[in-house]
Structure formats: C-alpha cells, structure tokens
Amino acid sequence: MIAAQPNPESVDDRTTGLLTLSSLPHVHCGAAPAQFMLGILCALVPAAVMAVISTGSTTAFSILTTILAAYATDWVITYLRIRRFPRFDCSACVTGMLLALSCPPHLPVWVAPLGGIFAIAIAKEALGGLGRNFLNPALAGRAFLAISFPHFFSAVETTGAGPLQLTDLLYSLMTGSPAAWIGAVSPAAIIAGAAVLWYLRIIDVLLPLSFILSAFALSCSGMSAGIMDFPATALEALSPFLSSGILFGALFMATDPVTSPWMRSGRLLYGVGCGILTHVFSLWSPPGNALMYAILIMNCTVPVFDAAIVRRSLRTGRRSLQNETAPQTVSANEGMAP
Amino acid sequence: MTRKKIKVPGGILLVKNTKDSAIIAVETAPPPPLVSIPLHQHCGSPARPCVSVHDRVAMGQIIGTAQDPYSAPVHASVSGTVTAIERFAFSPCPDAFSVTIENDGRDEFASPIPYDKPLNESGPLELQKKTALSGIVDLGGVPLHTLLENARKNRVDTLILNGLVTEPFLHAEESLMLARTETILMGAAICMQITGAARCMVVINEKRSDITAAFSPYVQCERFSKFSLFPVKPRYPHQHARLIARDVSKTGLAPADPASNSREVVISVEAAAALHDALAELRPCYERVVTVAGPAVRSPKNMRVRIGTPAKTLLAACSTDFDGIQKLVAGGPLSGDALQDFSTPVVKSTNALLAFTAAYPTLSHESCIKCRRCTSVCPVHLEPGRLIARIQNREIRAARERHLRECIECGCCSYICPSHINLVHWLRFGKTLLDRAEIKNARGLKAAA
C-alpha cells in the first residue's frame, strides 16, 4: 500500500519552481472594459440605423469617419503620452459614434471628424485618459464644434405644430421626426438600445428617468400656464420635447459612468439638475445645444456629489451598537509613507 | 467560471449546483515521515513550545501551550521524535515557531483530554475547560473555546451552525455534512450546553437537496428539537461569520470583535464535528479533511491528513502536474491564501489546497472605468473603487471615514472588476497605513499627556 503512493521525497526536484503570491481572490469573472464599450456600441446601432434611414447616406459616412478619426487620435495621443499603443478597448469608437449621432443633420462631412479629434485629444487624453476625464468627451467635442461653427448648429428645425393625435405621436415615436441630434430621430430605437444597456447593467434607470421626468415636468408646467386642459398639453409638449434629443442625451450621454456621480442618490440629484438646466437653457438657445451645455455643466459638479454622498455603513443599522465607543481620530496626512 | 448576476444584498453566486461535481469520498492519506507543525494556527499570539528537541512525543500530545484567550494549544499529529524547533518561515509573526517531528509510524496515542464523567452530566465550565484543551480553531482563526466562552458571557440565544459552502472546490465540508451529520449535530448540542443557547439554526445551501435530506430527519426527531434548518442562497461571501449572523438575525452587521455583545454565535460544522470528536472520543484536533483540487491536479480528492503534512506530499498523492503549477492556494479560490512554497504544511484552517495553472491576478495598471460593480457586489456596503482612490492618494482619514475598517476582505470587488484592478490588495494596504497612523497617533497622545 505504501509502495502505491509516490514517495514524497522524490518530488523535491520538481517542486522548486517559483509560485506566484498575491492577495485574494485567485479567480476572476472574466469581464473586461472592452465588453462594456462593445455593449454601448451595439446599443447605439439601432439609433444609428434609423438616423441613416431618415437623413441619407452622408450620415453613415459621417459616423464612420468620426469613429475612425477618434480611434486614430486615441492611438496617436496614447503613443505620444506613454510610448505604448493602447489596449483594444473600443472607448474611442464609442466616443466617435456618440459624437456623430449628437450632431445636427446635413453637416459637411469634415465637421464631425474634427470634433472627434478634439474629443479624444483634449477632452479625454489631455484630462487624464480613460476613466479620469471629468467631461463627457463626445459632448465636449460637440461643444467645440458648436462654438467653432455656430451657423451649422444654431439652425433650429422646428417641426411646426406637433402631432396632436396619439396615433401621430406613436408613429413619430417609431420613424422619428427631424431632430437637433441625428441620433434622436427615432425614440423607439433609443429606448431599445438603452434597454439592452440596462439589461447588461451598464446603465441604471434612475438617472435618465429623473433627468427626463424633471425636464418634462418643467416644460409641461411652462406650457400649461393655466390655459389648456392637461392631456392635450402633454401631447403637444411631448413632440418637440422628444425631438430635442433629450432621450438620447439622458440615456446615452448623461449615464456615462465616468462623468456621473457614484452613488444612487447622487445620480438622482444629478439627473434632476440636468433636467432643470436643460429646460432653463432651452428657453433661450437651440434645444440640442441646451441639452449639451446642461450635461457638460452638470459633469463639472460631479466631484461635489461624490464628496458629499457617502454610502451608509451597514453597521449603523444595528441597535446593540448604540453605546459603542467612538473611534479615535486620525489626522489627514498621518499615513504618508516616508 | 462565467459571469454571474448580482443581487442587492451584495456578493456573488459562484456555485450553481455542485452536487454532481462534488467529491464525497474521503481518503486517508498515509502519515508523512516528517511533519512540521506550526505553533501559530490561530488569531492570538503564537503558542509556546512545551517539548524540546530529541523528546519522544505521542500522537495527540500537546506540543505548544496557549498563551492568551485567543490562542489555542497545538497537538502532535504523529508519534515520534522531535527533531527540530525552529522559527516558522512562512509566518509574518517573528516569534512563531514550528515543531518538526520524525514519524516512527506507530501512531501511539495519548489524549490530552481527561475522561472523568459522561458528557451529559458535565457542567458548562467543565466542558469549556475540555474544549480549551482540544485546540479546535474555527474559521477566521478564533479558537472555539474562546468563541463559546464569549457567547456564554453574552448569554446568546441562538447558535448558528454554519454549513454554507459558497465557493467551488470546497468539498471537504460537504462530505463532512453528508457523512457525519449526526456527529455535527451532537457537537452543536455540546456547544449549546456550554453557551446556554436556546435554539440552533443550521444554515445550509438551499440548492443542495442531498444535504437538506441528510439533516432533515435528525432535525425532525425529538433529540434535536431545538434545531431548525435555515436554507439560504449560496452567495459568496455570505458564509462569513458576521454576514451569516446578519442574514439569520436580520438586524445588522455584527462588529468584527468576537467578544462584542451579540445575540448569536456562529460555529462552523467542522468545528462542531471536531468538538464532538474531542469531548466524546477524546481525540484533539490533530488531523483534518482537505480537498486537493484545481486545474493542475489530475485526480482531485478529499484527503484526511495530519496537521503538519507538507503540501507537496498531498499534491503528489493526487498526481499533480508540478511543472504546470503557477499558484498554490490554501483555501477557496476567492478566499484562500496564496502559498509561497510547496513545503508549506497543512494547518487547522486549511480546508482546501488548490493548484492553479494560471497566475491571475497581477496588480493592474488599467484605470478604473467607474462601472460601480465593486459597489454593487460589496457585501458590507463599501464603495471599494472610490476607497482605493483615497488610499492611492494616501488620504487615510477620508478612507477611514468611508468605513475602510469594515472591509472583510472577501475579494468580491477584485473578482468582478472589469479593469482587473486588485482592489483587495489596495484595501489591505490602506488598512496597514491606517494601523500605522493610529499607532503613531497613540504615541503622540501619550507624549503629550
């Protein structure tokens, strides 16, 4: 019986290899940033297809060139910065796609790629790179374009009298109407894409919902200043409201995890803030621009939310801990390594 | 392993149904010719050696005596001659020793636990004293006798018997629950006798019908009328003593200090079975069941091994491909510790020995994309991603205000992180910085006074 077992002494020569030491855990779920980015890209495809159908093949060309410009810029800047090519993570593709879809229709083909280059070079890489940029790169690129070429962006295409019938409204939900953001032509396509993102747990519902509801409530209250009965007003309010691209902005732009608050309550407040600013700005400026500036300004307030809102400790809920002694204080820089 | 959905209470569902893949049979490993028994297998200060070189020891004899309440005695696992008492190389503690015993193969047994009267006639204090001699250490390194003594002083009403296995590969506990169900329950009954607890909740995996079926006939009979089954979802790390107490009592997270006042005490099924062995059969804690598994192990097995057996002996007995091993882990794939040497001995807390062929994870230089998955999986409601940003900037005070001390180091955040950031490593580093800052602060206060 002893002979059947390998002699432990004889394995010595094979057990001299080096072993890896590390903190736990020793397995990983296998997720990667590229999965998130690919998920967002896929979720944007329906909106892009509807945009191409309604505005023509130049839009398709514009989307592709913007993605290419953003991706190439990412490679060049990362190489200049760290002398190494970046890992394949598609984040620049997402930025390019979002930027192309947030532009107004019928732009010259060279405008959107220019914005893509600015978005990656300045708004993303110069502000710290993936995960550290405080402005949404796509919106920053769009802001750059809106400031540099205002005549392309200020032409507001009002849809005239909005559809007053519910059936018209449903029809416009599917096929879309001309919008300030080409990505926003079909609300149904946007909602389908966002549902995919929600299913993949890349976005949460709270932020876009608070964004849209607060903006909608404000616009309703502004329009129905006591003259019409509510349902007709609501329908009338909804159509220009949807064509302003607010669905696209709320579901794909404001939910960017890097440039939105960390905790749920912070995200709720952030959404409400976006909604209020969108409404206020749209009183005096084109609706597409109002949405953009509202989100960009709220991007800058994210550190305030993050500093103010800390997740509650689990232990504070326990009754038996009420008379626990308070922990000692530690001064701020005590832990500095020598 | 594939991606798992995350639910609100935090944690990850790692085992879907291990019933088919579980290894139930337990093989007895032949005692090795040489055992090296570390004297620091518990959370207190290391045990002091009470034998000297060239002494003859019997199996079960105490070779290290406990030094404080959080320290447990250590027993010889073979009979033979002590050949060396030297500093234990794999312990961070500078005064931890290990005793090397050359096995004479005779397994002469001498129990350190006296037999004077039957168990049901003994009082709680007598049982408590015998428990202290048995050297049983529960999960987390707390000696069983300390747990029970604290529980008795706090007058707990519920004993939680922890039979929840939430990680793959850990078949030792499962086989114990299937094969020795009655022993476990009798051990838990002794614990109730010591602590005076009025009821016992047996927490098991709700998906394992075979374990439920093993327990339910006993729980229904008159003898174990105070026992009830409590099936839960096997969500990692809810097998952790503090979390399981929260899940059962539904109040809040118990403090980390085991002496603190709480209404329940958590005992693992292994500790309960070992207590029965020690008090009814007078066998102290000198052997245990270890699962040897992992990608590099060709024939995974449950092995009953003596404490102090080197890891390489076990791996060789399971026909392991030594050249392919990149990482050797003592414990579960998430909660285990990486071993630095093939000759590291099996200790009382080693429930598994896993040999991995790929050395994940390394410290990543990819940046956080703020996906917040770490926050949603954290079972103690921390925000690991934001915490490590504080720690990386050495903002220790801010990290403490964000409850860094509450971290139970379960590894869920590192497991889920898409950027492969080793968050647990940073959190541990932050705790070290915090310790250092508090010591410095205390010294400053003393100097000022």
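How many helices and strands does chain A have? Chain A has 14 helices and zero strands. Here a helix is a DSSP run of H or I with at least four residues, a strand is a run of E with at least two, and both are numbered from the N terminus.

## Before you look

This is a predicted model, in which local features need pLDDT of at least 70 and side-chain atom pairs count only at pLDDT 80 or more, while totals for chains, interfaces and linings use all residues. Residues are numbered from 1 along each chain as its sequence is written, chains are lettered from A and ligands numbered from 1 in the order in which they are written, and side-chain values use heavy atoms, leaving out hydrogens and water.

## Chain A

Of the 338 residues in chain A, 51% are buried (under 20% relative accessible area with a 1.4 Å probe, counting protein chains only). Its accessible surface is about 15,900 Å², and carbon and sulfur atoms hold 70% of that (Shrake-Rupley method, 1.4 Å probe).

Contacts, meaning heavy atoms within 4.5 Å, can also be sorted by sequence separation. Of those in chain A with a separation of 6 or more, 76% are between residues 24 or more positions apart.

## Chain B

Welcome to the other chain: chain B contains 13 helices and 19 strands. Its C-alpha trace spans about 60 × 60 × 50 Å along the principal axes. The radius of gyration of chain B is 22 Å, which agrees with the value near 22 Å for a compact globule of 449 residues (taken over C-alpha atoms; the rule is 2.2 Å times the number of residues to the power 0.38).

In chain B, 59% of the 449 residues are buried.

## The nonpolar cores

A nonpolar core is a set of buried Ala, Val, Leu, Ile, Met, Phe, Trp, Tyr and Cys residues joined through side-chain atoms within 4.5 Å. The largest one holds 150 residues, and A:F248 and B:I267 touch the most other members. Helix α1 of chain A (residues 33-55) gives this core its largest share, nine residues. Apart from this core lies another of 23 residues, including B:M303, B:L314, B:A330 and B:L353.

To explore A:F248, set aside its neighbours within four places in sequence: its contacts are then A:L44, A:L98, A:L101, A:W181, A:G183, A:A184, A:I190 and A:M253.

Terms used:
Buried < 20%, exposed > 50% of the residue type's maximum accessible area, 1.4 Å probe, protein only.
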